[in-house]
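Please examine the structure below with attention to its paired charges, its packed helices and its backbone. The paragraphs that follow lead through these topics in turn.

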Amino acid sequence: MHAWTTLAGSGLALALLASVPASGNTAPQDPAPPILPMSEAEEPHPDMPEILPLRDRAEVIDRILAERLETIMPVIMREQGIDLWLLMAREYFEEPVVESMLDAQSMAARRRTILIFHDPGDGQPIERLTVSRYGLAGLFEPSWDPAEQPDQWQAVAEIIAARDPEKIAINFSDFRAFGDGMTLSQYRLFTAALPERLQGRIVSGEELATRWLETRTPTELAIYPGIVRIAHAIIGEAFSRQVITPGETTADDVRWWMRERLSQHGLEPWFHPSVGIQRRGEEGMLSGDTVIQPGDLLWTDFGLTYLRLNTDTQHLAYVLRPGESEAPEGLRRGMASTNRVRELLVDSFVPGASGNVILAEARRKALAEGLDPSIYSHPIGLHGHGAGSAIGFWDNQSADPRGAGPVRAETAWSIELTSYSRVPEWDGQRVDFRTEEDAWFDGETVRFLDGRQTEITLIPSN
């Protein structure tokens, strides 16, 4: 790895285009992705990065898609021993994998879009075929002429029979939504057209789906810190006197301000922001029309989508009482405890270990230090709650089937957790110190994409 700096502006994304092939014919050069070390705190109230215009965004998206198809697909197909992978989607009913393979000008699948990946073996390039009426930005070879073969599924069957693959993967899964894209109606049509001798070769593509979606490329990694910086900038502005007037502003006012701010920049949330208030003498998290007051501990959970990558961030802020220059010591100690749980969690990452194993190890170490943790971290990338093994759930701190899979290198993570602490200044009230920061696991070390909140943000009361 290289020395890490933060590169957040649009100039970086455009400069990277030179290192990514437009046609997918050659492998890209490693653009030396910038990520902050685990120990480095994020910049408080950072400036908003420049946002690319739509045309430039489309160019970045398509170049990254070409890079992904060229570099990820051969690795995962050979890793899983799959000769042919068949994907299909219908217009406005796109499955997650096909949706991630549409170019930036394709807003949806057209009629019925069928994609085929075929490994000819002997180290030859993976064939990328589209058995559809319309091409996909030159990334897939058009392989169907309806004038010659009006039946689309019969055309698929003929393509497969000519290649005679030993394993034909389609996306069906009882467990993973990301690998369950083949509908019953389309499966029936597909198998009715497929020669009987090939039907016994059909296998689940759920592992391929997971590997495709969870793996990040060098270019994605290079632009990811800037995307997280956008989230940090919006949260920094939301948790300030520019937005919050104590005694007047409600929790919902802040939530909708964040939505409006995204809209002003032409960006989308992947979930509606949350803003909550913890207050001395009040049980649980206050929200909605509750007015923010001096002495409140504020929390937000905020996620956006930009260049097809997602963020997921939780920060804390304290509204100073008149005469205060810092948060009460008990709140600061509570934040330090959460920071410690986070350190113990990222130190527990081991490539190939299951999410359940990592959860158990992190909890063991935290409990041994007298901490009160709850860990519920997840992969992130093309989806906010991304494909891959989970590390705990807020409502289940024991082993879970969704955490049984391996944690792999070259993946991005939302390091999400909380710890609970009794705050003396609040009469021993048990307070929830939630945190969430986006990070990268290279197989050895977890590094935060744009730093991490280490101290509670302070909001003056006047």
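In this predicted model, Arg-364 has a relative accessible area of 48% and is therefore partly exposed. The side chain of Arg-364 meets that of Glu-361 in a salt bridge, with a distance of 2.8 Å from N to O. Glu-361 is likewise assigned as partly exposed, because its relative accessible area is 29%. Both residues belong to helix α11, and because they are 3 residues apart there, about one helical turn separates them.

Salt bridges that share partners also build a network, which joins Glu-79, Arg-176, Glu-207, Arg-211, Glu-214 and Arg-408. Across the whole structure, a search finds 29 salt bridges. Side chains of opposite charge can pair when their charged atoms come close.

Glu-214 forms a salt bridge with Arg-408, and the closest N and O atoms of the two are 2.9 Å apart. Glu-214 lies in helix α7, which covers residues 206–214, whereas Arg-408 lies in the loop between β14 (378–380) and β15 (411–423); the pair therefore ties together parts that are 194 residues apart in sequence. Is Glu-214 buried or exposed? Its relative accessibility is 5%, and because buried means under 20%, Glu-214 counts as buried.

A further salt bridge joins Arg-340 to Glu-369, where the closest N and O atoms are 2.7 Å apart. This pair links distant parts of the chain, 29 residues apart: Arg-340 is in helix α10 (residues 329–346), and Glu-369 is in the loop between α11 (355–368) and β13 (373–375). Arg-340 is partly exposed, with a relative accessible area of 31%. Glu-369 is partly exposed as well, and its relative accessible area is 42%.

The helices α10 and α11 also pack against one another. Two packed helices are described by the angle between their axes and the distance between the axes. For α10 and α11, the axes come within 8 Å and cross at roughly 140 degrees. An angle over 145 degrees would count as roughly antiparallel and one of 65 to 115 degrees as roughly perpendicular; α10 and α11 are therefore oblique to each other. Their crossing is right-handed. On the α10 side the contact involves Val-341, Leu-344 and Leu-345, which meet Ile-358, Ala-362, Lys-365 and Ala-366 of α11. By class, the residues of this contact comprise 6 nonpolar, no polar and 1 charged.

Another helix pair is formed by α8 and α9. Helix α8 spans residues 218–238 and helix α9 residues 251–264; they pack at an angle of about 140 degrees, and their axes are 10 Å apart. That angle makes α8 oblique to α9. The crossing of α8 and α9 is right-handed. Which residues meet in this packing? From α8 come Ile-234, Ile-235, Glu-237 and Ala-238, and from α9 come Val-254, Trp-257, Met-258, Arg-261 and Leu-262. The residues of the contact of α8 with α9 divide into 7 nonpolar, no polar and 2 charged.

Helix α9 is also the place of Trp-256. Trp-256 counts as partly exposed, because its relative accessibility is 47%. Along the chain, Trp-256 and His-272 are 16 residues apart, and 8.7 Å separates their C-alpha atoms.

Although Leu-307 is a residue other than glycine, its phi is positive, near 55 degrees. Leu-307 is buried, with a relative accessible area of 9%. Arg-308 is found in the loop between β10 and β11 too. Arg-308 is not a glycine either, yet it has a positive phi of about 70 degrees. At a relative accessibility of 24%, Arg-308 counts as partly exposed, whereas Leu-307 is buried.

Technical notes:
Residues are numbered from 1 along each chain as its sequence is written. This is a predicted model: local features need pLDDT of at least 70, side-chain atom pairs count only at pLDDT 80 or more; totals for chains, interfaces and linings use all residues. Side-chain values use heavy atoms; hydrogens and water are left out. Axes are lines fitted to C-alpha atoms, for helices over the stretch in contact, and angles run from 0 to 180 degrees between N-to-C directions. Helices (H or I, at least four residues) and strands (E, at least two) are DSSP runs, numbered from the N terminus. Angles under 35 degrees count as roughly parallel, over 145 as roughly antiparallel, 65 to 115 as roughly perpendicular and the rest as oblique. A crossing is left-handed if the near helix is turned anticlockwise from the far one by less than a right angle, and right-handed if clockwise. Contact means heavy atoms within 4.5 Å. Ala, Val, Leu, Ile, Met, Phe, Trp, Tyr, Cys and Pro count as nonpolar, Asp, Glu, Lys and Arg as charged, and the others, Gly among them, as polar. A salt bridge is a side-chain nitrogen of Lys or Arg within 4 Å of a carboxyl oxygen of Asp or Glu. Buried means under 20% relative accessible area, exposed over 50%, partly exposed in between (1.4 Å probe, protein chains only).
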